[in-house]
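Here is a short briefing on one protein model. Please look over the sequence and the coordinates before reading on.

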Amino acid sequence: LYRKPVKMNGAFAYYEDPETKKQYFACIVADATACCSQGLEFILTGDHTYPNDYPGLSSVITVTGTFETYEENGFKYCRLTDAAIVE
């Protein structure tokens, strides 16, 4: 398990898996030429309900958290845990 503190700026994104109903929240960052982008999933600390406790879709956010890798359904993913959206 790899863990490291991270702070990033980007656009807020949301996805709900239609089969499992699991919700995913991410910060999307464009590369230097703005032709490509990459998202990083995050899980906010505490109890939060979408959409009430989250910014609007595509809002520019700064999120902090602990970068970690995890496995789900036999695949390896990365995300920020213990995350917070900062002003």
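Is Phe25 buried or exposed? Phe25 counts as buried because its relative accessibility is 9%, where buried means under 20% relative accessible area, exposed over 50% and partly exposed in between (1.4 Å probe, protein chains only). This is a predicted model: local features need pLDDT of at least 70, side-chain atom pairs count only at pLDDT 80 or more, and totals for chains, interfaces and linings use all residues. Residues are numbered from 1 along each chain as its sequence is written, and side-chain values use heavy atoms, with hydrogens and water left out.

**Barrel**

- Five strands close into a barrel with mixed pairing, in the order 1-2-3-5-4. Strands (E, at least two residues) are DSSP runs, numbered from the N terminus, and two of them pair if DSSP finds at least two bridges between them.
- From one strand to the next, the twist averages 60 degrees. Axes here are lines fitted to C-alpha atoms, and angles run from 0 to 180 degrees between N-to-C directions.
- Strand 1 (residues 3-16) pairs with strand 4 in the antiparallel sense, over nine bridges. Asn9 is found opposite Thr62 in strand 4.
- Strand 4 also pairs with strand 5 (residues 75-86), antiparallel, over 10 bridges. Opposite Phe67 stands Leu80 in strand 5.

**Aromatics**

- The structure has 11 aromatic pairs. Rings of Phe, Tyr and Trp (its six-membered ring) pair if their centres lie within 6.5 Å; planes under 30 degrees apart count as stacked, over 60 as edge-to-face and the rest as tilted.
- Phe25 and Tyr50 are a tilted pair, because their ring planes meet at 50 degrees, with centres 5.7 Å apart.
- Phe25 lies in strand 2 (residues 23-30) and Tyr50 in the loop between strand 3 (37-44) and strand 4 (60-72), so the pair ties together parts 25 residues apart in sequence.
- Phe12, Tyr14, Phe25, Phe42, Tyr50 and Tyr54 form one aromatic cluster.
- The charged end of Arg79 sits over the ring of Tyr70, 3.8 Å from its centre. The criterion is NZ of Lys or CZ of Arg within 6 Å of the ring centre and within 35 degrees of the ring normal.

**Core**

- The largest nonpolar core has 13 residues; Phe42, Val63 and Leu80 touch the most other members. Such a core is a set of buried Ala, Val, Leu, Ile, Met, Phe, Trp, Tyr and Cys residues joined through side-chain atoms within 4.5 Å.
- Strands 1, 2, 3, 4 and 5 each supply at least two residues of this core.
- Beyond its neighbours within four places in sequence, Val63 is in contact with residues including Cys27, Phe42 and Leu80. Contact means heavy atoms within 4.5 Å.

- Thr66 lies in strand 4. At 19% relative accessibility, Thr66 counts as buried.
- Residues up to four places away aside, Thr66 touches Arg3, Lys4, Pro5, Arg79, Leu80, Thr81 and Asp82.
- Val86, in strand 5, counts as partly exposed at 31% relative accessibility.
- Val86 contacts Thr62 and Thr64, leaving aside neighbours within four places in sequence.
- The C-alpha atoms of Val86 and Gly10 are separated by 12 Å, with the two residues 76 apart along the chain.

Definitions and conventions. Helix = DSSP H or I, 4+ residues; strand = E, 2+ residues; numbered from the N terminus.
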